Amino acid sequence: RRRVLEASQQLTEIINSEISAESLEPSGEAEPTEEEEAALHCLWVDKFTPRRYVELLSDDYTNRCLLKWLKLWDTVVFGKEKAVKKAKPSTEAHPPFNQPKEQQNKWKTKVQLTEEILEAELDQHKRPKYKVALLCGPPGLGKTTLAHVIAKHAGYNAVEMNASDDRSPEVFKTRIEAATQMKSVLGANEKPNCLIIDEIDGAPAASINVLLNIIHRKDAEGEAAAGAGRRRRREGGLLLRPIICICNDQ
């Protein structure tokens, strides 16, 4: 036991002397910065998460559809006019096989039908026909990541809330109105909010009705109002920001 202790003490002294000798030698390596040190200690899912649209690995068709829907809000949110596509003259002059309209729609692909739905006319308040987008799929598919990346890509400040956490309809309504009506004051160049509601399938029916009332009831009020009254009611609560909902079980 005494010999083992002596050998252990000798090894400890040798190791300590080598460490002190290395610390005295000038090292050519620079110390890691705060960002590099933070990257060393962060989770892999955070380190390698997509930051830009081109880094997304989810379904390209879904990515493009969501981005196109979000860009439909540009007119009311950013004041940009909607780009009008010019129809090809050859298609108008010679319709394929002179088929009736119903039969032509029958043979359209899923992509073409979705493109037509997304290109629908805007309502009287310059908003798209569908006010809410729903992303559904199993956990780990990248739904939340997609929503955040698309919102940032389109120029929004992503505001996330969990529907299953806020069980009270009053709290749910307050948080939705705060995210969709109040401006972001973070930083000098403030961006409009895009509300992302996660786990919407875990919300009670009362909260879902609150969301539906925010979407539909305000439309009826806007149509009934006129002149100054319309402007006052529109400022009072008309939904003017996009909402993306996420669920596992559709």
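This is a predicted model: local features need pLDDT of at least 70, side-chain atom pairs count only at pLDDT 80 or more; totals for chains, interfaces and linings use all residues.
Which residue in E4 is the bridge partner of Leu195? It is Ile243.

Start with the whole chain. Twelve helices and four strands make up its secondary structure. Of its 250 residues, 29% count as buried. Take the contacts with a separation of 6 or more: 79% of them come from residues 24 or more positions apart.

Now the sheet. Its four strands form an open sheet in the order E1-E4-E3-E2, and the pairing is parallel. E1 and strand E2 (157–162) are the edge strands, each pairing on one side only. From one strand to the next, the twist averages 20°.

Walk across the sheet from E1. E1 and E4 pair in the parallel sense, over five bridges. Within that pairing, Val132 has Ile243 of E4 as its bridge partner. Ile243 is also the bridge partner of Leu195. The next step runs from E4 to E3. These two strands are parallel and are joined by three bridges. Further along E4, Cys245 stands opposite Ile197.

E3 comes next. Six of its six residues are buried, so E3 is largely enclosed by the rest of the structure.

Follow the chain out of E3. Glu199 lies in the loop between E3 and helix H11 (205–224). Its phi is near 55°, a positive value in a residue other than glycine. Is Glu199 buried, partly exposed or exposed? Its relative accessibility is 35%. Buried requires under 20% and exposed over 50%, so Glu199 counts as partly exposed.

H9 lies across E1, E2, E3 and E4, and runs at about 165° to E4. H4 lies across E1, E3 and E4. The angle between H4 and E1 is about 165°.

Stay with H4, which covers residues 60–71. This helix has twelve residues. From its first C-alpha to its last it reaches 16 Å, close to the 16 Å expected at 1.5 Å a residue. Which residues of H4 are buried? They are Tyr61, Asn63, Cys65, Leu66, Leu67, Trp69 and Leu70. What covers them includes elements of the sheet: strand E1 (132–136), strand E3 (193–198) and strand E4 (243–247). Helices contribute too, including helix H5 (74–77), helix H8 (110–118) and helix H9 (143–153).

One of those helices, H8, packs against H4 at an angle of about 15°. The two axes are 10 Å apart. Angles under 35 degrees count as roughly parallel, so H4 is roughly parallel to H8. The crossing of the two helices is right-handed. Which residues meet where H4 and H8 pack? From H4 come Tyr61, Arg64, Cys65, Lys68 and Trp69. From H8 come Lys110, Val111, Thr114, Glu115 and Leu118. Tyr61, Cys65 and Trp69 are also among the buried residues of H4.

Key
Residues are numbered from 1 along each chain as its sequence is written. Side-chain values use heavy atoms; hydrogens and water are left out. The expected span of a helix is 1.5 Å times one less than its number of residues. Buried means under 20% relative accessible area, exposed over 50%, partly exposed in between (1.4 Å probe, protein chains only). Contact means heavy atoms within 4.5 Å. Two strands pair if DSSP finds at least two bridges between them. Axes are lines fitted to C-alpha atoms, for helices over the stretch in contact, and angles run from 0 to 180 degrees between N-to-C directions. Angles under 35 degrees count as roughly parallel, over 145 as roughly antiparallel, 65 to 115 as roughly perpendicular and the rest as oblique. A crossing is left-handed if the near helix is turned anticlockwise from the far one by less than a right angle, and right-handed if clockwise.
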